Amino acid sequence: IEQQGFDYVDVWLLRVDKNGDELWNHTFGGEKLDTAKAVIQSNEGYIVVGGTSSFGEGSEDVWLIKIDDDGMEIWNHTFGGEGWEIGNAIEETSDGNYLITGYTTSYNVAGSGDLWLIKVNSEGEEIWNHSFGGIGHDEGRSIAVADDGYVIVGLTESYNGKNNAWFIKVDDDGDEIWNYTLDSENNAL
């Protein structure tokens with residue numbers, strides 16, 4: 001959730017009980033645009049992924065924040081280069097680490113942006129990252145656990161110039177096993 005201020009947007013997290021009564025709320029951010037795209041529960045709190053223009057190296061970087069059960073920050077990390085990056089989804093892996101997907105305009109970009117996959121450890125430190133894409137804009141939107149790896153679901157404009165659904169299966173090292181593009185006749189994704 002995001003809260004707009006006078007000249008900035010911060011990440012706003014709100015926790016409620018089963019009756020919808022507020023338990024706590026906290027904001028995270030700086031003087032520029034900061035967004036949250038996904039939150040998952042971890043073994044000792046929550047992990048939030050999104051993007052930040054207030055911190056990091058470039059115009060916008062992937063932002064990963066770990067908070068405790070009371071909503072207090074444990075740590076945060078940014079990932080990115082000089083361009084634009086965003087984290088859209090996060091999933092815990094079987095080895096207790098995390099996979100983040102989104103897009104990058106800084107690393108191995110063949111077009112206007114590539115699908116970006118980052119694996120981090122339980123402290124949020126990068127283990128590896130891979131980018132996938134062609135001549136158009138390509139972006140990861142979600143991650144699903146598979147029997148022998150992970151399936152990244154996203155979109156690609158690199159094939160037929162339209163927003164096509166894109167599925168990429170990767171192994172534990174982020175290496176591609178296969179990818180499949182589902183043509184979207186109506187460009188509706």
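**Notebook: strands, cores and ring pairs**

I began with valine 39 and found that its bridge partner in β5 is valine 48. The model I am reading is predicted, so I note that local features need pLDDT of at least 70, side-chain atom pairs count only at pLDDT 80 or more, and totals for chains, interfaces and linings use all residues. Residues are numbered from 1 along each chain as its sequence is written, and side-chain values use heavy atoms, with hydrogens and water left out.

**Entry 1: the sheet with β4**

I looked up the partners of β4 and found that β4 and β5 (residues 45-52) pair in the antiparallel sense over 8 bridges. Strands are DSSP runs of E with at least two residues, numbered from the N terminus, and two strands pair if DSSP finds at least two bridges between them. I then traced the open sheet of 4 strands, whose order is β4-β5-β6-β7 with antiparallel pairing. β4 (34-42) and β7 stand at the edges with a single partner strand each, so one side of each has no neighbour in the sheet. Neighbouring strands here are turned by 20° against each other on average, direction ignored; the axes are lines fitted to C-alpha atoms, and angles run from 0 to 180 degrees between N-to-C directions.

I also checked β6 and β7, which run antiparallel and are joined by 6 bridges. Valine 62 stands opposite phenylalanine 79 in β7.

**Entry 2: glycine 71**

Where does glycine 71 lie? I located glycine 71 in the loop between β6 (61-67) and β7 (73-79). The hairpin of these strands has 5 residues between them, and glycine 71 takes a positive phi near 85° there. Glycine 71 counts as buried because its relative accessibility is 1%; buried means under 20% relative accessible area, exposed over 50%, and partly exposed in between (1.4 Å probe, protein chains only). Leaving aside residues up to four places away in sequence, glycine 71 touches Trp24, His26 and Phe28, where contact means heavy atoms within 4.5 Å.

**Entry 3: the sheet with β8**

I traced another open sheet, in which 4 strands follow the order β8-β9-β10-β11 with antiparallel pairing. At its edges stand β8 (85-92) and β11 (126-132), each with a single partner strand, so one side of each lacks a neighbour in the sheet. β8 is joined by 7 bridges to β9 (residues 98-104), and the two run antiparallel. Glycine 87 stands opposite glycine 102 in β9.

**Entry 4: nonpolar cores**

I found that the largest nonpolar core has 14 residues, and that Leu64, Phe79, Ile90 and Ile100 have the most contacts inside it. Such a core is a set of buried Ala, Val, Leu, Ile, Met, Phe, Trp, Tyr and Cys residues joined through side-chain atoms within 4.5 Å. β4, β5, β6, β7, β9 and β10 (114-120) each supply at least two residues of this core, and the largest share, 3 residues, comes from β10. Apart from this core lies another, of 11 residues, including Leu117 and Trp166.

**Entry 5: aromatic pairs**

How many aromatic pairs does a search of the whole structure find? I noted 2. Rings of Phe, Tyr and Trp (its six-membered ring) pair if their centres lie within 6.5 Å; planes under 30 degrees apart count as stacked, over 60 as edge-to-face and the rest as tilted. Phenylalanine 55 and tryptophan 63 form a tilted pair, 5.5 Å centre to centre with 45° between the planes. Tyrosine 107 and tryptophan 116 form a stacked pair, because their ring centres are 5.3 Å apart and their planes stand at 25°. Tryptophan 116 is buried, with a relative accessible area of 2%, whereas tyrosine 107 counts as partly exposed at 30% relative accessibility.
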